[in-house]
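Please look over the sequence and the model shown here before reading the notes that accompany them. The briefing is meant to be read with the structure open alongside.

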Amino acid sequence: MAPIPPASVEELRTTGNQSFRNGQFAEAATLYSRALRMLQEQGSSDPEKESVLYSNRAACHLKDGNCIDCIKDCTSALALVPFSLKPLLRRASAYEALEKYPLAYVDYVTVLQIDDSVMSALEGSSRMTRTLMDSFGPEWRLKLPSIPLVPVSSQKRWECLPLENHKEPSKSKSKGTTSAKSRVPSAGDVERARALKEEGNELVKKGNHKQAIEKYSESLWFSNLESATYSNRALCHLELKQFQEAVKDCTEALRLDGKNVKAFYRRAQAYKALKDFRSSFADIDSLLQIEPRNGPAQKLRQEVNRSLN
């Protein structure tokens, strides 16, 4: 008796997953395509489900060496659910295979903004850095497209979701993975981080805070041991009214340097904007213990004190 063909989107996807695990990539791609058609014909608006199907089919294309269709499917998946880890990683691999190294670098670094413990992205970004430096020399960054800034909401979203279906080569943070937060940067990494920070500083002077954030973020992927880079990025977040992100960066800056006056001041400003006046007052108090005559802090304390009373 012939097996009953899959009758639903979920059954088609499950059968496709099984075919993928068995190494039957063309068959799996066909099943994902059928599931996509069925989903689209039903007219149901389920971007997450549709995105996963595109991403899974992209994995099949990548395994079969069809990098162009892999990139197309990953781009479709990301249009439906931006900053999804797997489509970004698969597209980066496809770009690298096609020797489109600047695009591969951007996708790898974007993944690291979402989860800095993904080893394939850490290794890929380092590999692309070396390749781009060899190809273009010290000005290699001028060849890069703009690196998107991943919003904190997207970072938090992926922290609580399991990776589905096909696991990428990565290790969990709980197992002591070498990550951007724990690895010791090389001398070259530190030098690149400093250069990028200076580029960010120049952009701040020009009032271009969004691009400055990109530079500071990239700097931190090379070395996240400098408190000032976090407090500088916090300033940009404040200017863009991204107060939660400013708090987060100032907290990281103070973890590295408990006497970073700018971090205390900027976190106090962010807390004030968030109407957390007690936390704001506490930060100003800490700052004034370090610099009792700090005029802006004294003025801010008066403002916060009025709000508390």
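The model is a predicted one, and its protein chain contains 15 helices and zero strands. Of the 309 residues in the protein chain, 48% are buried, and the largest nonpolar core brings together 35 residues.

**Overall make-up**

- Among contacts in the protein chain between residues at least 6 apart in sequence, those that join residues at least 24 apart account for 60%.
- The protein chain exposes about 16200 Å², and carbon and sulfur atoms supply 51% of that area.

**Nonpolar cores**

- In soluble globular proteins, nonpolar side chains tend to be buried together.
- Within the largest nonpolar core, which has 35 residues, those with the most contacts inside it are Y105, Y108, V111, I114 and A121.
- At least two residues of this core come from each of helix 4 (67-80), helix 5 (85-97), helix 6, helix 7, helix 9 and helix 10, and helix 6 gives the most, with eight residues.
- Leaving aside neighbours within four places in sequence, Y105 is in contact with S125, M128, T129, L132, W140, R141, L144, I147, E218 and F222.

**Helix 10**

- Helix 10 spans residues 209-222, and its 14 residues reach 20 Å from the first C-alpha to the last, which is close to the 20 Å expected at 1.5 Å a residue.
- This helix is mostly covered, since ten of its 14 residues are buried; the buried ones are H209, A212, I213, Y216, S217, E218, S219, L220, W221 and F222.
- The partners against which these buried residues of helix 10 pack are helix 6 (101-114), helix 7 (119-136), helix 9 (187-205) and helix 11 (227-239).
- At the N-terminal end, helix 10 is capped by N208, a side-chain oxygen of which lies 3.4 Å from the backbone nitrogen of Q211.
- H209 lies in helix 10 and counts as buried because its relative accessible area is 15%, which is under the 20% limit for that class.
- Not counting residues up to four places away in sequence, H209 touches V204, C236, E239 and L240.

**Salt bridges**

- Side chains of opposite charge can pair when their charged atoms come close.
- E10 forms a salt bridge with R13, in which the closest N and O atoms are 3.1 Å apart; E10 and R13 both lie in helix 1 (residues 9-21), separated by three residues, or about one turn of the helix.
- In this pair E10 is partly exposed, at 36% relative accessibility, whereas R13 is buried, with a relative accessible area of 13%.
- E96 is buried, with a relative accessible area of 17%, while R127 is partly exposed, with a relative accessible area of 30%.
- E303 and K272 also meet through their side chains in a salt bridge, at 3.8 Å from N to O, and this pair links distant parts of the chain, with E303 in helix 15 (residues 295-308) and K272 in helix 13 (residues 261-273), 31 residues apart.
- Both members of that pair are partly exposed, E303 at 26% relative accessibility and K272 with a relative accessible area of 27%.

- D107 has its place in helix 6 and counts as buried because its relative accessibility is 4%.
- When residues up to four places away in sequence are not counted, D107 touches L88, R91, A92 and Y95.
- The C-alpha atoms of D107 and F83 are separated by 9.6 Å, and the two residues are 24 residues apart along the chain.

Technical notes: Residues numbered from 1 in each chain as written. Predicted model: local features only at pLDDT ≥ 70, side-chain atom pairs only at ≥ 80, totals over all residues. Heavy atoms only, no water. Helix = DSSP H or I, 4+ residues; strand = E, 2+ residues; numbered from the N terminus. Expected span 1.5 Å × (residues − 1). Buried < 20%, exposed > 50% of the residue type's maximum accessible area, 1.4 Å probe, protein only. Contact = heavy atoms within 4.5 Å. Polar contact = N/O pair within 3.5 Å; in protein donor to acceptor, adjacent residues only side chain to side chain. Core = buried A, V, L, I, M, F, W, Y, C linked by side-chain atoms within 4.5 Å. Areas by Shrake-Rupley, 256 points an atom, 1.4 Å probe, with all protein chains shown as cover. Salt bridge = Lys/Arg side-chain N within 4 Å of Asp/Glu carboxyl O.
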